[in-house]
Amino acid sequence: MAGGSKSKNKGSGYERELCKYLSAVFGGSFIRSANSGAFIGGKNAARKTNLSEGQIKGLKGDIVPPDDMPKLVLEAKFYADFRFHQLMQPGPQPVLDEWIGQALDAIDDGDLWFVCFKVNLRGSYVVVPGAFEGRFVFGNHCRYASKHGIFLITDLKTFFETNRDAIRQAAA
């Protein structure tokens, strides 16, 4: 592919795929963010003071939701491999902790946030903060205890399709 690294192009492709899927599920227009959440996350949080509400919304995550879902923040990751077995073993899962940390750096109080990830030849999954457990319906899932708290990991499509109305309401 011309322009950009192979992994950057792969990530951008997944972001476009996720936007198309979410637009179909929710009936609105989801688009890729021009920048990552790191622009206003973590040490860069002070930048928010000079930005409009719309600019902040567009810079929080990898995906910009439609206007009727202003509290929704989505991180998107695409990796060749993910060591699912480590979720059942003691100790941290560093890659997953990094993704969760990136989302936490970008969100504000009251935001509804998820980390969506795709793994080559394995499928797409969503990380849901444990604090949201009572708000949504979960089928098969696993619990992950992280330095950031408790999280649930489940199939992405099943989660968004089952919880479409609850997500829309919570993100309004």
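Tutor: Let's start with the term: a salt bridge here is a side-chain nitrogen of Lys or Arg within 4 Å of a carboxyl oxygen of Asp or Glu. Keep in mind that we're looking at a predicted model.
Student: Which residue does Asp 68 pair with?
Tutor: Asp 68 pairs with Arg 168, and their closest N and O atoms are 2.9 Å apart.
Student: And where do those two sit?
Tutor: Asp 68 is in the loop between strand E2 (63-64) and strand E3 (72-79), while Arg 168 is in helix H5 (residues 164-171), so the bridge ties together parts that are 100 residues apart in sequence.
Student: Is Asp 68 buried, exposed or partly exposed, and what's its relative accessibility?
Tutor: Asp 68 is partly exposed, at 41%. Arg 168 is partly exposed too, with a relative accessible area of 24%.
Student: Switching topic: what about Glu 75 and Lys 77?
Tutor: Their side chains form a salt bridge as well, at 3.5 Å from N to O. Glu 75 is buried at 3% relative accessible area, and Lys 77 also counts as buried, at 14%.
Student: How about Arg 164 and Asp 165?
Tutor: Those side chains meet in a salt bridge with an N to O distance of 3.9 Å. Arg 164 is partly exposed at 33% relative accessibility, whereas Asp 165 counts as exposed, at 56%.
Student: Last one: which residues are linked in a network?
Tutor: Salt bridges link Lys 60, Asp 108 and Asp 111 into a network.

Technical notes: Residues are numbered from 1 along each chain as its sequence is written. This is a predicted model: local features need pLDDT of at least 70, side-chain atom pairs count only at pLDDT 80 or more; totals for chains, interfaces and linings use all residues. Side-chain values use heavy atoms; hydrogens and water are left out. Helices (H or I, at least four residues) and strands (E, at least two) are DSSP runs, numbered from the N terminus. Buried means under 20% relative accessible area, exposed over 50%, partly exposed in between (1.4 Å probe, protein chains only).
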